[in-house]
Each structure stands twice: as structure tokens, then as C-alpha cells.
Amino acid sequence: MEEVQVNLEEQFEEKVAQDVRIEPKDWMPEAYRKTLIRQISQHAHSEIVGMLPEGNWITRAPSLKRKAILLSKVQDEAGHGLYLYSAAETLGASRDQMIADLHSGKAKYSSIFNYPTLSWADIGAIGWLVDGAAIMNQVPLCRTSYGPYARAMVRVCKEESFHQRQGFEIMMTLCNGATEQKEMAQEAFNRWWWPTLMMFGPKDEESPNTEQSMRWRIKRFTNDELRQRFVDMMVPQAEYLGLKVPDKDLKWNEEKNGYDFGPIDWNEFWNVVKGNGPCNKQRIQTRVKAHEEGAWVREAALAHAEKRAARGKAA
């Protein structure tokens with residue numbers, strides 16, 4: 001029995017090493033399965049909770065065009081959450097349990113969604129910065145070792161690219177507008193810059209899951225590598241917009257061909273992760289309320305599906 005187990009593990013490791021996708025029916029270590037469920041469900045929760053800061057601005061968008069675009073974006077995020085919950089279910093996870101864990105606070109989601117959206121410029125900053133960070137993190141996931149996750153990410157990344165362009169276009173419009181509009185864009189940029197850098201997770205030496213996830217090729221880059229890539233990408237874009245990066249320590253490093261940047265306030269990051277951010281309680285309360293109020297829709301859909309199945313059997 002032990003020999004069979006060893007062979008299965010060797011076959012699994014060989015597949016991963018050769019970049020052969022692991023599929024739901026393939027044998028996999030239990031730790032691999034649990035790591036994926038944690039990461040995919042956390043990703044799904046982030047998409048669902050991420051609808052809230054922007055959904056708040058749909059009725060207050062400055063034009064019908066902006067309302068339609070923002071509504072489309074929020075709908076995309078709902079779809080992303082559903083793809084990802086489905087991917088997690090292929091690993092044996094229960095969607096009801098995943099959602100219960102989110103509502104109880106047991107499961108985490110991205111810390112970035114616990115900050116308030118105070119002005120219309122925040123919607124631009126979220127699209128440009130937050131979705132830009134999401135793309136930086138998620139494009140490598142199109143090559144992650146677990147097949148259903150990798151395939152889901154292809155469509156997610158294409159839609160996230162649209163979201164970032166939408167955000168950049170809002171910021172560009174504001175920066176090319178009146179003085180008050182550019183000031184609003186700068187103020188939003190100032191508030192979202194550092195929380196966005198925290199989005200990539202703790203620094204590598206404090207990330208308990210990174211090393212194993214890299215070995216299993218669930219992740220392709222470390223948190224710090226992705227953070228550095230993001231800074232190097234965004235600084236020129238900020239300069240193009242005429243915005244000042246809110247970091248007095250920011251400077252170009254010729255030797256590493258990238259930017260050095262100031263220290264991140266990790267106390268703030270861990271405080272938000274532990275549930276003490278500006279909007280943690282509000283976000284969860286809103287999700288729980290929506291879930292409870294939508295119970296009748298789920299019950300009706302289930303009853304309809306059961307009726308159709310019964311008719312099919314009778315025919």
C-alpha cells in the first residue's frame with residue numbers, strides 16, 4: 001500500500017515538473033487539494049465582495065455611459081466569483097460551506113476591498129490600480145498546475161483587462177479636466193496606492209504558503225516579485241497621467257532595472273486581514289444580508305430545476 005502511495009506521489013510530482021495539468025479525477029496529495037481550495041475560494045470571495053465598493057456608485061455615476069460600463073463591470077465580477085466557486089467544487093469543496101466560511105469570518109478575501117470608495121475618482125483608481133494588480137497576479141494563474149483553475153483564469157484575465165482600461169480612462173478624463181477633477185484623482189491615488197501594494201500579500205519571508213505553492217506550480221511568482229513588477233508597470237502610467245506617486249522614497253534603481261520604493265505598513269495590512277479595516281464589518285454584513293434576502297430566489301430556482309427533472313423522467 002505504501003509503495004502504491006509513493007508511486008502516485010511520484011507520478012503527481014512528475015506531472016507538475018513537466019507542466020502537465022492536474023485534473024479533478026487525477027490523484028493529488030491532500031495538502032495540494034486543501035491549498036487549492038483555500039486559494040480558489042479566497043479568490044472567489046474577493047470577486048464577490050469586490051462588487052460592493054463599486055456597486056455603491058452605479059446609481060451615482062456621472063453619465064448613462066458610465067453607469068452602463070460600471071454595471072457591466074460589476075456583473076463581470078459576479079461571473080468571476082461563480083467560475084471560481086465552480087472550480088473549487090471540482091476539488092470536493094461545498095459552495096454552501098465556502099459561503100458560510102466567508103460569512104462567519106473564517107475565510108478571507110483580498111484586504112483591498114475593506115477600504116471605502118469616497119468619490120467617483122475611487123472607481124477610476126480601483127479599475128486602474130486594483131484591477132491592474134489583479135491582472136499582474138492572475139495572468140500567471142492561466143498557467144497554474146490545476147486545470148479547472150487555469151482555464152477559468154483565461155476568461156477572467158480578458159475581462160480584467162477591460163476593467164483596467166476602464167479605470168485608466170476614468171483617471172485620464174479626470175486628469176485632463178478641471179483643477180478640482182485632477183485633485184480628486186490625485187487624492188484617490190494617494191489613498192489606494194499603498195493598499196494596492198498590500199494586495200499581493202505579505203512579504204515572502206512572512207508568507208507561509210508561497211514556497212510550497214511555487215513548488216507545486218500553483219503560483220509562478222512570489223508576492224514580492226509580483227509587487228515589484230506592479231510598481232515598475234504603474235509608475236510610468238502615473239507619470240503619463242501627471243499624477244505623483246505618494247512615496248517619497250520612490251527612485252529608479254539602475255542596477256536592478258526597476259524602482260526602489262518605501263516601506264509598506266504591514267501593521268495596517270495585518271490589522272485589515274484580522275477584520276479591523278475601515279469596512280470589514282460593513283462588507284460582511286452586506287454580503288450576509290444579500291444572501292439571506294436572496295434565499296427565496298435560490299429556493300425557487302431549485303424547485304424549478306426539480307420540476308423540470310421530474311418532467312424529463314416522466315417523458
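Visitor: Is Arg-227 buried or exposed?
Guide: Arg-227 counts as buried, at 2% relative accessibility. Buried here means under 20% relative accessible area, exposed means over 50%, and partly exposed is in between, with a 1.4 Å probe and protein chains only.

Visitor: Before we go on, what kind of model is this?
Guide: This is a predicted model, where local features need pLDDT of at least 70 and side-chain atom pairs count only at pLDDT 80 or more, while totals for chains, interfaces and linings use all residues. Residues are numbered from 1 along each chain as its sequence is written, and side-chain values use heavy atoms, with hydrogens and water left out.

Visitor: OK, back to Arg-227. Which side chain does it meet in a salt bridge?
Guide: That would be Asp-224, at 2.8 Å, N to O. A salt bridge here is a side-chain nitrogen of Lys or Arg within 4 Å of a carboxyl oxygen of Asp or Glu. Asp-224 is partly exposed, with a relative accessible area of 28%.

Visitor: Where do Arg-227 and Asp-224 lie?
Guide: Both are in helix 10, three residues apart, which is about one turn of the helix. Helices are DSSP runs of H or I with at least four residues, strands are E runs of at least two, and numbering goes from the N terminus.

Visitor: How many salt bridges does the count come to?
Guide: The count comes to 18. One of them pairs the side chains of Asp-19 and Arg-217, at 3.1 Å, N to O. Asp-19 sits in the loop between helix 1 (2-17) and helix 2 (30-49), and Arg-217 in the loop between helix 9 (210-215) and helix 10 (223-241), so the pair ties together parts 198 residues apart in sequence.

Visitor: Are those two buried or partly exposed?
Guide: Asp-19 is partly exposed at 44% relative accessibility, and Arg-217 is partly exposed too, at 26%.

Visitor: What does Lys-203 meet in a salt bridge?
Guide: Glu-206, at 3.9 Å, N to O. Lys-203 is partly exposed at 25%, and Glu-206 is partly exposed at 37%.

Visitor: Are Cys-175 and Cys-279 buried or exposed?
Guide: Cys-175 is buried, with a relative accessible area of 8%, and Cys-279 is buried at 5%.
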